[in-house]
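Biologist: Before we start, could you take me through the model feature by feature, giving the general idea and then the case at hand?

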Amino acid sequence: MEEVCEGKDFSFPKQEEKILSFWSEIKAFETQLSRTESLPEYVFYDGPPFATGLPHYGHILAGTIKDIVTRYQTTTGHHVTRRFGWDCHGLPVENEIDRKLGIKRRDEVLKMGIDKYNDECRSIVTRYVEEWEKVITRTGRWIDFKNDYKTMDLKFMESVWWVFSQLWDKGLVYKGFKVMPYSTGCKTVLSNFEAGQNFKDVPDPEIMVAFPVVGDPDNAAFVAWTTTPWTLPSNLALCVNPNFDYVKVRSKYTGKVYVIAECLLSSIPVEKPKSSDSKTSSSKTKGAKTEKPMDSYELLQKFKGSELVNKKYEPLFNYFEEFADAAFRVVADNYVTSDRGTGIVHCAPAFGEDDYRVCIENTIINKGENLVVAVDDDGCFTDRITDFSGRYVKDADKDIIEAVKGKGRLVKTGSFMHSYPFCWRSDTPLLYRAVPSWFVRVEKLKDQLLENNSQTYWVPDYVKDKRFHNWLENARDWAISRSRFWGTPLPVWTSVDGEEIVVIDSVAKLEKLSGAKVVDLHRHKIDHITIPSSRGPEFGVLRRVDDVFDCWFESGSMPYAYIHYPFENEEFFAKNFPGHFVAEGLDQTRGWFYTLMVLSTALFGKPAFRNLVCNGLVLAEDGKKMSKKLKNYPSPMDVINDYGADALRLYLINSPVVRAETLRFKKDGVYNVVKDVFLPWYNAYRFLVQNAKRLEVEGFAPFSPVSPTAQQKSSNVLDQWITSATRSLVHFVRQEMDAYRLYTVVPYLLKFLDDLTNVYVRFNRKRLKGRTGEDDCRIALSTLYNVLLTACKVMSSFTPFFTEVLYQNMRKVSVNSEESIHYCSFPLEEGERDERIERSVARMKTIIDHARNIRERHNKPLKSPLRKMIIVHPDGDFLNDIAGKLSEFVREELNVKDLIPCNDTLEYTSLRAEPEFSVLGKRLGKDMGVIAKEVKAMSQNEILEFEKVGELTIKMHCLKLTDIKVRREFKRPDALTEEEIDAAGDGDVLVVLDLRPDESLFESGFAREVVNRIQKLRKKLALDPTDAVDVYIEPLNENSNLERVLNSQELYIRDAIGSQLLPSTAMPSHAVSCISYDQDMVVIGNETFHGISGLSFSIHLARPAVMINSESCAALYGGNTRFCQMLQVYLVSRDHSNLKTEFQLGNGKVCLLAA
């Protein structure tokens, strides 16, 4: 393995760029695909984004999820085809061209020519493809851009035609009017899920209008309420709730008579005659109670809403006089609510979904007739509305209110704030407008949709069971056509009389029926194509309808169209449908996930996918939507260039956003991943490389890992533990990835790396540095090597760059290794996991943390040795481990002389039982209070018995160990104070420390102080652990007993610093603090310390140097100074210890051969 730099000098972004070049050089992705070609297929559907904008964090998040899953599936024995897709049609493209060309109206497109307009659309579709490929590739995602699919390709569009024809043949398609969300900005209908993407709180007018009742003896008027005054010119009916109570009331002051729902009477204004003396009126009313409606109105009559049905009223405007026979009457329906308004709703069937339904059901209008829609595609009134013709409807609200007032029909006016839908593309308010459209009968499929949803697996599951289920539960027929230009045209040809309809399912069929050659399916290429009538020449020809498909229909057809099914790949599709995996954002529950499910259910009676990961929204750090205008988020490429793509990937995956929650993106969060994950990981790897190289430096055979079988036979407890912990890592990651729970992996990895660096490497430094012998060192290094190699293989899907960097160096000492880590299989779970030792080491870590906390509380640094530590726990196996094979590590780490196990939990603790309310609350219900009281009253012995047996029955309820929390509280021995003995615990294990000073421990404490100062000086001088130096100590106290103390601790100090601590008197008298060829010792650093355990001393670090006799050297080469200088350079460049060994073996001589 090659030497590696320090962590602070390791550039993650630059290393990633080198790996990208390496992958490109060996064609890593292509090679992986070819190597796995014969393996079972794992089908992944990539939802197509629009290429009209640059990728953002939402795309990177979804792409990372997809990449991790597909990489993992490849490592577990699957062939995973990954083709990128592009959504090329629809509003996003047209909207941009409209802005570019200044197009405001539909007729401007027709005047320009559909061919020229579509060419403009095509020209921008792939504008950012190169930027997308650059960003996506830089994030480490492996996906095929060269063999991508585009929804504007002929083959894709042909499959979309086939999908539609299948729905037509099944009777699932119809043409009709439907009130739909309509964007005047984009001049098109939006689907219901598109309409829900951009709600805003806006003020709108609310008015109450009087509609005089025809023939009423009291001249009463119905009072209707609306928040859309612009719909009043199209009023055809009034609707009441048949079950509400309505009242006829007369104003005591004006004599006006109104009909209104009784429960909403308070909503109409209290009318009073104007006073001639406002001051008098003011003085009289000052302090008076507010008058109630019934105080100012007289009740004339009360009746049910059903009694008002079919009563006629006088229309507000005369624009629809021809409908007078059937219209301008009261109808009843339960959609009328009592939460606001008057209980009477005005109905304009062209502008309200319920209005349209109710008017159809009550024959105000007839289904199938051409509904009069008095608002054009631009949202302006048509010529029928003569008083407001050509006006944009929202702008006409004020004038319409004035007209109502002028007619004496305005009862009340005001405004209110409410949430209103806006177009997600043009950001203009949506109108609900009846439009002719082609529909898929989704409502007919509802039961099957719900059943198919239940067969799928989602992460998180609540999105499937609640959000998506509820959306399907309330699914309505889907308007799939758009009256636009750039899209896949509907393959429907009709005769002039509408009696003959031909649906085309393929290019071949169109060519056969029309006789025309077809090379492109866009409107400007096929609109001119006609089909002769099958009824004879006298019936003329069939022409294609104008509409194109909603782009959601195209993306929902993706599982079939991207492989040109059924025209190609029939066998592949039959074997691999439904697809195995999809992943997109939460918004797609009403978008792509929905359309996939609808079309697959309609076509095959199956869901389109088996597994789904749904991510949430990535917000800016301030919690607002990321905005280029506000510049409230860092550029993705800037973050990658600073910290690397792997860090960004792990940051996104280890966040709530993978559980469909929101994430406030913080650049510091990415830095923390580098600091907390990658640097510890890298440092463990660097420690391995350094010590493997050290073997060569010290003259031993190069490092080569022993076989896993031999390594697993190691008798070292930490080798056994880390090997088991690595098996647990393999088991956990496989288990979580098989369940698509990506978000659980990073926390587990963090724990594993902490164990590896802070337990295994830290406690094994002596072995890894070779201080326990070469064989033991090789076993330890092999263990660390295999652990790191396995961890890299486990995490290669998550961090493809970093694991490749480590693997490429580590594979140099491995026989028959794969060329790339991404050709390696996911590690198998070989061997049994030792759960006991894993549990014991976990508890050991807890013990160390508790003991450190006690030391900190009492200001007892780790350098100060303590007499003893008592571990209290009832588990005998654990106590045997901690007092046996783990004892050495605990005592050394905590600087404690004796470790005493204690299984008598009552000797140092008192026990207290508490119920786990979060577990028991729902289960026990009303019995919770009684059982909680009895649990808290349990005696010490009862608690011990409960722990032993594992269960307890109270009031017919069986409580397990997970139901009751047993707390252990320290019971201090008599006659000892808190300063003398203290404890810490977590309810599981209790740690007791004897804090009393002990003079007998002075020498070991001082030795730790000396070692600590030496290590700090080495670090200050930037020495690597493998840099060999001589260490000298110089006493500064007169009559110091320093030498005696150091002699007694000689073994500990030598093990700790890796060499003997020498007295300063042993330092050569001619040693200097400079480099010279004529010296044999270079002092590279020194430092003086005072008052350390009452002693003062200086530490000197010196490095041996080669001494060359210039005169002898010159004589050797007959006075040739050039050769003499070359020899000096060569000898100085050699490793001192190796050169010294060669001289010793040659009895003081070394033979140098000329090259």
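Biologist: How many bridges pair β7 with strand β12, and in which sense?

Modeller: Strands of a sheet pair through backbone hydrogen bonds, either parallel or antiparallel. Here β7 and β12 (residues 344–347) pair in the antiparallel sense over 4 bridges, with V345 in β12 as the bridge partner of C239. Two strands count as a pair if DSSP finds at least two bridges between them, and the elements themselves are DSSP runs numbered from the N terminus, helices being H or I of at least four residues and strands E of at least two. This is a predicted model, in which local features need pLDDT of at least 70 and side-chain atom pairs count only at pLDDT 80 or more, while totals for chains, interfaces and linings use all residues. Residues are numbered from 1 along each chain as its sequence is written, and side-chain values use heavy atoms, with hydrogens and water left out.

Biologist: Which strand does β7 join in the parallel sense, and are the faces of β7 covered or open?

Modeller: Strand β7 runs parallel to β11 (residues 329–332), to which 4 bridges join it, and L238 has V330 as its bridge partner in β11. Both faces of β7 (residues 237–240) are covered, since A237 and C239 on one side and L238 and V240 on the other are all buried (under 20% relative accessible area; exposed is over 50% and partly exposed in between, with a 1.4 Å probe and protein chains only).

Biologist: What is the strand order in the sheet that contains β27 and β34, and which helices pack on it?

Modeller: The order is β28-β27-β34-β33 in an open sheet of 4 strands with mixed pairing. At its edges are β28 (896–902) and β33 (981–985), each pairing on one side only, and the twist averages 20 degrees from one strand to the next. Within this sheet, β27 (residues 866–872) and β34 (residues 990–994) run antiparallel and are joined by 4 bridges, with M869 opposite L993 in β34. Helix α31 (residues 835–857) packs on the sheet by touching β27, β33 and β34, its direction making about 135 degrees with that of β33, whereas α33 touches β27 and β28 and makes about 130 degrees with β28; contact means heavy atoms within 4.5 Å. In α33 (residues 887–894), the buried residues include F889, V890 and L894.

Biologist: How should I read the packing of α24 against α30, and at what angle do their axes cross?

Modeller: Two packed helices are described by the angle between their axes and the distance between the axes. The axes of α24 (residues 667–697) and α30 (residues 800–810) come within 12 Å and cross at roughly 5 degrees, which makes α24 roughly parallel to α30. Axes are lines fitted to C-alpha atoms, for helices over the stretch in contact, and angles run from 0 to 180 degrees between N-to-C directions; those under 35 degrees count as roughly parallel, over 145 as roughly antiparallel, 65 to 115 as roughly perpendicular and the rest as oblique. Residues including F678, W681 and Y685 of α24 meet residues of α30, among them F802, L806 and M810.

Biologist: Which residues have the most contacts inside the largest nonpolar core?

Modeller: In soluble globular proteins, nonpolar side chains tend to be buried together. The largest nonpolar core here has 153 residues, and those with the most contacts inside it are F665, W681, M844, M869, I871 and I882. Its largest share, 14 residues, comes from α24. Apart from this core lies another of 68 residues, among them A475, F593, F609 and A660. A nonpolar core is a set of buried Ala, Val, Leu, Ile, Met, Phe, Trp, Tyr and Cys residues joined through side-chain atoms within 4.5 Å.
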